[in-house]
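Please look over the structure shown here. A short report on selected features goes with it.

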Amino acid sequence: MKKLLPAALAATLFAVLPAAHADTLKMACNISGAMKPYCEHVKQRFESETPHKLEFIEMPAASDEKLALYQQIFAAKDGGAVDVLSVDVIWVGLLDKHLYDLTDKVKDLEPAFFPNNWKNNVVNGRVKAVPGQLDAGMLYYRKDLLEKYKEQPPKTWEEMARIATKIQKAERDAGLKNMWGLVFQGKAYEGLSCDVLEWVASYNGGTFVDPAGNVTVNNPKAAKALNTAASWVGTIAPKGVMGYQEEESRAVFQNGDAVFMRNWPYAYLLTQDKSSPVKGKVGVAPIPMGGEDGQHAATLGGWQWAVSAYSKNPEAGAKLVRILSDAETQKRAFLLLGIPPARMESYQDAEVQAKAPYLAEFKDVFANAVPRPSTPTRSQFPKVSKAVFNAGYDVLSGRATGEQAVADLEDKLKRIKGREWK
Ligand code: GLC
């Protein structure tokens, strides 16, 4: 009997259950791309531990495009489109009524997760999602180039720009004509809102809207942050950054063509792949401060697992969420894809630490990351974020100064707010 594995035992038991109990669930997982081994692993576990089958649906890359698709599905109350989905950290309040109440199925899991992340997923006392992946912005740098030019990882944006200018010039003079100082996410989409928040918050310019719901963006520090970022475009950053999402930035950095890159933690393991030209040459530092009086401000990101309120089998969906958020799957997601676990214990795991030594040091960065103002702006957050990334884009492209952009943004945000955020 000892040899009988739990999965095998489950399979035997389910074989005798009536077929009517078996459903096919749909989960958002891009099986046609890099996610494939992960999606397959989850399918194998779900199908061996429950009587059900699992299929996948593909989603667009950009967070705001994903949201638009889910909103269409939910507006149609379509129970056949998706059962289990991954929800950006900024959407839980907004999608609340479309998410199945998981409280009774998952509340025992709470102590395993970072407290703020868990709290983010509780709306009116009900648990609507379980953390799957923790994200915080960080500055990647080329260790080898910093050593070669006798520089330390920059503490401020000003130092970053100085080092980037120096190394870009020297490397170009030495024949590397494609070398750039910095790449980041400059396209007009949710990712740019994350970068803009880091610039503005790092200069102590706030978070556009404060936790009490007041519009705070029209201030000289926010304007200075935007002007500083605009000064990088076309000098130390290619003009093309204005079309970059995360993956375009990684492509340039991983190809060896940039000294610094702003990105999320997922990029680390990929840059360390055996096929990567920068394997062994990459370091990671906190997002720089805006001047000596500024602060290190990493935008809080991350993805949560949730069940659609329209799912025909939410109980099975909840079982899948438990599998997706358990220690084994989260570790697997990290080892396969570099996705940082949301469980606190994973950061103590020797295998995880060995693959990404920076993670242990970054526990504080994760714990103190700056949230986008999705809680105070409630269902209006997508409009707020769109106004923010459009303002950022206008300054980066030279169509507005930082000062004009923050004044316009204040007007827009106040108009979106009306009397109160709802
Ligand atoms: C990452 C973050 C997510 C953010 C997105 C923006 O996926 O986890 O929170 O919205 O990037 O591109």
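## Model and strand pair

The model is predicted. Strands β1 (residues 24–28) and β2 (residues 53–57) pair in the parallel sense. Five bridges join β1 and β2. Within this pair, K26 stands opposite E55 of β2. Helix α2 (residues 36–49) carries the chain across from β1 to β2. This β-α-β crossover is right-handed.

## Helix α11

Helix α11 spans residues 246–254. Its buried residues are E246, S249, R250, V252, F253 and Q254. They pack against several strands: β7 (138–142), β8 (180–183), β9 (258–263) and β10 (282–285). They also pack against the helices α9 (190–202) and α12 (266–271).

G256 follows α11. The phi of G256 is positive, near 90°.

## The largest pocket

The largest pocket holds about 1,100 Å³ of space. It is lined by 42 residues. Closest to its centre are M35, A61, K66, Q133 and W303. Helices that give two or more residues to the lining are α3 (63–75), α9, α11, α12 and α14 (327–337). The strands that do so are β3 (84–88), β6 (130–136) and β11 (300–307).

What is the make-up of the lining of the largest pocket in nonpolar, polar and charged residues? The lining has 21 nonpolar, twelve polar and nine charged residues.

## Q330 in helix α14

Q330 sits in helix α14. Is Q330 buried or exposed? Its relative accessible area is 2%, so Q330 is buried, the cut-off for buried being under 20%.

Leaving aside neighbours within four places in sequence, Q330 is in contact with F113, P131, G132, L324, S325, P341, A342 and R343. One of these, G132, is 198 residues away from Q330 in sequence. In space, the C-alpha atoms of Q330 and G132 are 7.1 Å apart.

## Positive phi outside glycine

K77 is not a glycine, yet its phi is positive, about 50°. K77 lies in the loop between α3 and β3. K77 has a relative accessible area of 57% and is therefore exposed, since exposed means over 50%.

N124 is another residue other than glycine with a positive phi, here near 45°. N124 is found in the loop between β4 (122–123) and β5 (126–127). With a relative accessible area of 71%, N124 is exposed.

Terms used. Residues are numbered from 1 along each chain as its sequence is written. This is a predicted model: local features need pLDDT of at least 70, side-chain atom pairs count only at pLDDT 80 or more; totals for chains, interfaces and linings use all residues. Side-chain values use heavy atoms; hydrogens and water are left out. Two strands pair if DSSP finds at least two bridges between them. Helices (H or I, at least four residues) and strands (E, at least two) are DSSP runs, numbered from the N terminus. A crossover is right-handed if, with the strands pointing away from the viewer, the path from the first strand over the helix to the second runs clockwise. Buried means under 20% relative accessible area, exposed over 50%, partly exposed in between (1.4 Å probe, protein chains only). Contact means heavy atoms within 4.5 Å. On a 1 Å grid over the protein atoms alone, a cavity is a set of points where a 1.4 Å probe fits but cannot get out, and a pocket is an open set with protein on both sides within 12 Å along at least five of seven lines; lining residues have an atom within 4 Å of a point. Grid points are joined across faces, edges and corners, and a volume is the space filled by probe spheres set on the points. Ala, Val, Leu, Ile, Met, Phe, Trp, Tyr, Cys and Pro count as nonpolar, Asp, Glu, Lys and Arg as charged, and the others, Gly among them, as polar.
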